[in-house]
Amino acid sequence: MISISRLDTTAADFRQALDRLIAWDVATDDAITAAVAGILADVRSRGDLALLEYTRRFDHIEAPNIANLTLDPQELTGALMALPAEERLALELAAQRVRTFHEHQIGEDWSFEDEHGSRLGSRVTTLDRVGIYVPGGQAAYPSSVLMTVIPARVAGVREITVTVPTPKGVKNPLVLAALAIGGVDRVYTIGGAQAIGALAYGTQSIGRVDKIVGPGGAYVAAAKRQVFGPVGIDSIAGPSEILVIADGSAPAEWVALDLFSQAEHDADAQSILLCPDASYIDAVASAMDRLIDGMRRQHIIRASLQRRGALVKTTDLNEAVAIANRVAPEHLELAVADPHALMSAVRHAGAIFLGSYSGETLGDYVAGPSHVLPTFGTARFASPLGVYDFQKRSSVIEISAKGASELARSARVIAEGEGLDAHARAAQARIRGIDHNRRE
């Protein structure tokens with residue numbers, strides 16, 4: 001039997017129970033924060049020597065220099081060629097779909113001419129150097145390679161540096177193959193906070209980057225938080241989440257397995273079902289009990305569902321959507337007969353899966369959009385990783401003489417109101433210059 005909370009929205013204490021369920025403290029443990037600060041300072045000070053020491057201590061790899069922690073492009077290509085055909089074709093299909101999706105995200109310059117003949121617009125440019133962290137401590141994630149590297153490549157990033165830990169020197173062939181498919185510039189078998197420090201500050205052998213992206217554990221998350229400023233970051237990733245809204249039209253087994261699919265990531269992951277049909281909730285619970293013993297990671301699934309999972313009876317589907325907006329989940333499945341009728345009311349979700357065939361697992365691997373998504377409620381203001389994370393915009397301002405004559409007067413008034421004399425005089429200088437040229 002699986003231990004999981006059963007909630008009902010008509011209960012007097014439902015709101016409090018929901019708040020407790022979705023609460024997640026994004027603050028890092030003080031001990032982790034202090035340890036990470038020490039590692040980052042050490043890497044910034046000693047560079048390669050610190051990286052070699054931490055790699056020896058944490059990953060149990062003896063390396064005389066960083067060159068020994070660098071993966072040769074031929075090794076990546078060799079791993080790809082050595083894969084069984086089925087695995088290689090699966091990775092290549094995923095890569096092609098991720099590439100095709102993100103090609104639609106490429107931003108373009110735009111401009112317009114105003115009534116004074118001035119031209120205003122925005123110029124899109126690509127980041128020069130990006131660092132991508134690929135987790136590799138507890139599990140291997142070739143999918144994360146594709147979901148981060150390919151959007152960066154599509155954006156046109158000039159240099160992509162990847163760090164991936166290889167504890168005890170064990171290299172996952174699927175990860176190496178995915179790196180070959182993605183086409184990265186360099187790969188270092190370094191993990192943890194020390195890898196983030198190397199990417200952020202640079203060392204004697206590793207060049208600093210402009211932005212760091214990619215998921216990681218608590219130490220990586222803490223390191224990304226601490227280096228932000230000198231370098232950009234995508235987000236601070238939290239435990240994986242799925243929220244399923246169901247009306248009873250999808251097979252109960254499918255929903256049970258979708259809830260499992262996120263729970264198996266981590267004991268802190270969250271899986272929630274919202275449904276107005278009590279008998280269907282019972283059917284999903286029965287399916288979970290029936291299927292759990294066949295799960296390879298059942299101990300993690302059980303822990304996750306017991307700690308943060310819930311089966312919630314709602315009054316109707318509209319209430320379910322309102323709750324989903326409050327939760328703002330990483331993954332939202334609308335496993336209902338008419339998902340489009342509900343989607344217009346969805347305001348906050350990292351990724352929205354429409355209909356029972358659109359299982360979240362397909363989004364993790366082969367649908368196309370990046371699976372790097374906002375977590376712990378940040379979908380209220382954040383977006384999935386995409387090409388736009390590797391591009392930036394510059395405002396372009398070309399003021400005509402007529403425009404300066406008109407606009408400088410208002411600019412001077414506002415500047416004087418703010419007490420910024422140089423601003424006001426700079427605007428006034430344009431007015432005098434234009435008036436002088438007119439008299440001549």
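The side chains of K224 and D234 form a salt bridge, with 2.6 Å from N to O. K224 sits in helix 9 (residues 218-227) and D234 in the loop between strand 9 (232-233) and strand 10 (241-246), so this pair ties together parts 10 residues apart in sequence. Are K224 and D234 buried or exposed? Both are buried. The model is a predicted one.

The protein has 17 helices and 15 strands. Its C-alpha trace spans about 90 × 60 × 45 Å along the principal axes. Of the 440 residues, 49% are buried. Among contacts with a separation of 6 or more, 74% are between residues 24 or more positions apart.

**Salt bridges**

Side chains of opposite charge can pair when their charged atoms come close. How many salt bridges does the structure hold? The count is 18.

| Pair | N to O distance |
|---|---|
| K224 and D234 | 2.6 Å |
| R88 and E92 | 3.0 Å |
| R186 and E159 | 3.6 Å |

The R88 and E92 pair lies within one helix. These residues are 4 apart in helix 5 (residues 85-103), so about one helical turn separates them. An α-helix has 3.6 residues a turn, so residues three or four places apart point the same way. R88 counts as partly exposed because its relative accessibility is 25%. E92 is also partly exposed, with a relative accessible area of 29%.

The R186 and E159 bridge has a 3.6 Å separation, N to O. It links distant parts of the chain, with R186 in strand 7 (residues 186-188) and E159 in strand 6 (residues 159-163), 27 residues apart. R186 has 31% relative accessibility and therefore counts as partly exposed. E159 is partly exposed as well, at a relative accessible area of 35%. By contrast, K224 and D234 are both buried.

Salt bridges also join into a network. Its members are D42, R46, E53 and R57.

**Helices 6 and 7**

Two packed helices are described by the angle between their axes and the distance between the axes. Here the axes of helix 6 (residues 142-155) and helix 7 (residues 173-182) come within 9 Å and cross at roughly 15 degrees. Angles under 35 degrees count as roughly parallel, so helix 6 is roughly parallel to helix 7. The crossing of helix 6 past helix 7 is right-handed.

Which residues make the contact? Helix 6 supplies P142, V145, L146, V149, I150 and R153. Helix 7 supplies L174, V175, A178, L179, I181 and G182. By class, this contact has 10 nonpolar, 1 polar and 1 charged residues.

Helix 7 is mostly covered, with 7 of its 10 residues buried. The buried residues in helix 7 are V175, L176, A177, A178, L179, I181 and G182. What do the buried residues of helix 7 pack against? Their partners are strand 2 (70-71), helix 4 (73-82), helix 5, helix 6, strand 6 and strand 7. Two of these partners, strand 6 and strand 7, hold E159 and R186 respectively.

**Positive phi in two loops**

Most residues other than glycine have a negative phi, and most peptide bonds are trans. K168 has a positive phi, near 60 degrees, in a residue other than glycine. K168 lies in the loop between strand 6 and helix 7. With 65% relative accessibility, K168 counts as exposed.

A328 also has a positive phi, near 50 degrees. A328 is found in the loop between helix 13 (317-327) and strand 13 (331-335). Is A328 buried or exposed? A328 is buried, because its relative accessible area is 0%.

T33 belongs to helix 2 (residues 30-46). T33 counts as partly exposed, at 30% relative accessibility. How far apart in space are T33 and A222? Their C-alpha atoms are 6.2 Å apart, although 189 residues separate T33 and A222 in sequence.

Note on methods:
Residues are numbered from 1 along each chain as its sequence is written. This is a predicted model: local features need pLDDT of at least 70, side-chain atom pairs count only at pLDDT 80 or more; totals for chains, interfaces and linings use all residues. Side-chain values use heavy atoms; hydrogens and water are left out. Buried means under 20% relative accessible area, exposed over 50%, partly exposed in between (1.4 Å probe, protein chains only). Axes are lines fitted to C-alpha atoms, for helices over the stretch in contact, and angles run from 0 to 180 degrees between N-to-C directions. Angles under 35 degrees count as roughly parallel, over 145 as roughly antiparallel, 65 to 115 as roughly perpendicular and the rest as oblique. A crossing is left-handed if the near helix is turned anticlockwise from the far one by less than a right angle, and right-handed if clockwise. Contact means heavy atoms within 4.5 Å. Ala, Val, Leu, Ile, Met, Phe, Trp, Tyr, Cys and Pro count as nonpolar, Asp, Glu, Lys and Arg as charged, and the others, Gly among them, as polar. A salt bridge is a side-chain nitrogen of Lys or Arg within 4 Å of a carboxyl oxygen of Asp or Glu.
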